[in-house]
Each structure stands twice: as structure tokens, then as C-alpha cells.
Amino acid sequence: MTDPIADFLTRIRNAYLAGHKTVEAPASKMKVEITRILHEKGYILAYKVVEGTPVNTIKIALKYHPETKKAAIKKIGRISTPGLRQYTDVASMPRILNGLGIAILSTSKGIITDKEARELNVGGELLCYVY
């Protein structure tokens, strides 16, 4: 697997499209931090890191609207890839849906959202966007 972050995002996207309640993915520090941000911003219900013998996994409980059963995440995608890294500074940082969505960045301050990066005045690698 050349891009584990893209695989992780694709698992989440496919689970939402299939209407699943939970999804599992292999864990890494970066994936756990991305999941933590998705949970803090209200895009997923809950998550848990399950320690296993060969590899740890992340169990994610997906969030849907209670009445209409629409997914909380409309679109999730990868920006920076291993073949073409995308870096940004504070001045040219993208606004996802004019501030309604989030971009997740890898910075010197850790994995944070675009809004937090603007407050801390740091740039970094654009990992993905969510709305």
C-alpha cells in the first residue's frame, strides 16, 4: 500500500456510501489524530483504538442524521499524495466551503485543522478536506 491515509479516507467514504454503522481500519498515529479531529468536529459519533496482535485497528462509529438518515460527511478527500506533496502557508491556506468544512494539516504543532493553523500562524502539509 503506497498511501495509507488515502486508504483510510476511502474506507470511511465507502462505509458512508454503503450505509454502515461502523468501519474498521488499521491504526497509525496520524490516522488516530485525523479520527480525533473528525470526532471533535462532529463528523463521527465515536472511535476506539483496539489493540491487536499483528496490528492495532481503529473502530469508528459513523454519524447519520436521525430523521433523514443522511451522512454527516458529504465529501472527504485526500489533497497531498506521496507522489505530489501539497504544502501551504497561512496566507494561501484554503477555506473549505467558505469555512463550513475543514482541511486537516500536518504541521510542526501536530495534526490540526485549518482554523487552528490560522490561529497559531503555522503552515504545513494539506492532508485532506472534509465537509
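Predicted model: local features only at pLDDT ≥ 70, side-chain atom pairs only at ≥ 80, totals over all residues.

Trainee: Is D114 buried or exposed?

Mentor: Burial is judged from relative accessible area, and under 20% a residue is called buried. D114 has a relative accessibility of 2% and therefore counts as buried. Setting aside residues up to four places away in sequence, D114 touches M93, P94, R95, I96, I102, A103 and L105.

Trainee: How should I then read a whole helix, and which residues of α2 are buried?

Mentor: The 12 residues of α2 reach 17 Å from the first C-alpha to the last, close to the 16 Å expected at 1.5 Å a residue. Its buried residues are K31, I34, T35, I37 and L38. Viewed down the axis of α2, the buried residues fall within an arc of 160°, so they line one face of the helix.

Trainee: What happens just after α2?

Mentor: There G42 takes a positive phi of about 85°, and this residue belongs to the loop between α2 (29–40) and β2 (44–50). G42 counts as partly exposed because its relative accessibility is 25%. Once its neighbours within four places in sequence are left aside, G42 is in contact with K63 and A72.

Trainee: How many aromatic pairs does a search of the whole structure find?

Mentor: A pair of aromatic rings is described by the distance of the centres and the angle of the planes. The search of the whole structure finds two such pairs. One of them is formed by Y16 and Y64, which are edge-to-face, with 5.4 Å centre to centre and 70° between the planes. Since Y16 lies in helix α1 (residues 4–18) and Y64 in the loop between β3 and β4 (76–78), the pair ties together parts that are 48 residues apart in sequence. Y16 is buried, with a relative accessible area of 8%, whereas Y64, at 25% relative accessibility, counts as partly exposed.

Trainee: Why is the pair of Y129 and Y131 stacked?

Mentor: The ring centres of Y129 and Y131 are 6.1 Å apart and their planes are at 20°, so the pair is stacked, planes under 30 degrees apart being the criterion. Y129 is partly exposed, with a relative accessible area of 21%, and Y131 counts as partly exposed at 25% relative accessibility.

Trainee: Finally, which residues have the most contacts inside the largest nonpolar core?

Mentor: That core has 24 residues, and those with the most contacts inside it are F8, I12, I34, L38, I60 and I104. At least two residues of this core come from each of α1, β1 (22–26), α2, β3, β6 (102–107) and β8 (124–130), and the largest share, six residues, is supplied by α1. Apart from this core lies another, of eight residues, among them A103, I112, V122 and L126. As for L38, its contacts, leaving aside neighbours within four places in sequence, are I12, Y43, I44, I104 and V130.

Technical notes:
Residues numbered from 1 in each chain as written. Heavy atoms only, no water. Helix = DSSP H or I, 4+ residues; strand = E, 2+ residues; numbered from the N terminus. Buried < 20%, exposed > 50% of the residue type's maximum accessible area, 1.4 Å probe, protein only. Contact = heavy atoms within 4.5 Å. Expected span 1.5 Å × (residues − 1). Arc of directions from axis to C-beta. Phe/Tyr/Trp six-rings, centres within 6.5 Å; stacked < 30°, edge-to-face > 60°. Core = buried A, V, L, I, M, F, W, Y, C linked by side-chain atoms within 4.5 Å.
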